[in-house]
Amino acid sequence: MLKSKNYNCVHCGYALEKTQTDPNSDWMGEILYICFNNSCSFYKNSFLVMKMQGATGGYRYYYSESGQEGSLLILTDNSFTDRICHSWYSETEPEPIEPDNEVVAYLKQLEKKLDQILLLIKGSK
Ligand SMILES: [Zn+2]
């Protein structure tokens with residue numbers, strides 16, 4: 001696990017999500033670490049602050065790979081969520097569950113026993 005790349009939001013402590021910005025946007029494809037916590041106070045207040053300034057939308061806390069931090073303007077809750085780098089999680093994701101050999105062997109034993117029992121029942125008739 002790449003612990004050194006696990007940044008946290010300075011406002012709520014939530015782990016920031018590594019996000020690849022659109023190469024065609026003002027961010028020019030720069031990697032940003034964004035707080036996507038919808039309970040984050042910074043984020044929650046942002047819509048009101050923007051409204052008071054006569055603007056629409058809000059902002060989330062971000063930290064960029066070049067070391068900048070600040071408020072990332074967003075239009076909706078879902079802005080940038082489609083650009084989160086999910087490969088970031090691939091190292092920590094649990095392995096797909098393999099059938100447990102012990103359990104399989106046990107079930108096969110039970111199956112055999114059941115066959116024996118069925119034979120006994122049939123034989124007793
Ligand atoms: Zn936050």
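What percentage of the 125 residues in the protein chain is buried? In this predicted model, buried residues account for 17% of the chain. The chain holds two helices and four strands, and these follow one another along the sequence in the pattern β-β-α-β-β-α. Of the contacts between residues at least 6 apart in sequence, 46% join residues that are at least 24 apart.

**The sheet**

- The four strands form an open sheet in the order β1-β2-β3-β4, and their pairing is antiparallel.
- Because β1 (17-20) and β4 stand at the edges with a single partner strand each, one side of each of them is left without a neighbour in the sheet.
- From one strand to the next, the twist averages 45°.

**Strand pairs**

- Strand β2, which covers residues 31-34, pairs with β1 in the antiparallel sense over four bridges, and within this pairing Thr-19 stands opposite Leu-32 in β2.
- Strands β3 (residues 58-64) and β4 (residues 69-74) also run antiparallel and are joined by six bridges, with Tyr-61 standing opposite Ser-71 in β4.
- The hairpin of β3 and β4 has four residues between the strands, and in this hairpin Gly-67 takes a positive phi near 95°.
- As a general point for reading such pairs, side chains in a regular strand alternate between the two faces of the sheet.

**Helix α1 and the residue that follows**

- Helix α1 spans residues 41-52, a run of 12 residues, and reaches 17 Å from its first C-alpha to its last, which is close to the 16 Å expected at 1.5 Å a residue.
- Just after α1, Gly-54 takes a positive phi of about 75°.
- In general, an α-helix has 3.6 residues a turn, so residues three or four places apart point the same way.

**Positive phi outside glycine**

- Met-28 has a positive phi of about 50° although it is not a glycine, and this residue is found in the loop between β1 and β2.
- Met-28 counts as exposed because it has 9 C-beta neighbours inside 10 Å, where the cut-off for an exposed residue is 12 or fewer.
- Phe-80 is likewise not a glycine, yet has a positive phi of about 75°, and Phe-80 is found in the loop between β4 and α2 (101-124).
- Phe-80 counts as buried because it has 22 C-beta neighbours inside 10 Å, where the cut-off for a buried residue is 20 or more.

Terms used
Residues are numbered from 1 along each chain as its sequence is written. This is a predicted model: local features need pLDDT of at least 70, side-chain atom pairs count only at pLDDT 80 or more; totals for chains, interfaces and linings use all residues. Two strands pair if DSSP finds at least two bridges between them. Two residues are in contact if their C-beta atoms, placed from the backbone, lie within 7 Å. Axes are lines fitted to C-alpha atoms, for helices over the stretch in contact, and angles run from 0 to 180 degrees between N-to-C directions. The expected span of a helix is 1.5 Å times one less than its number of residues.
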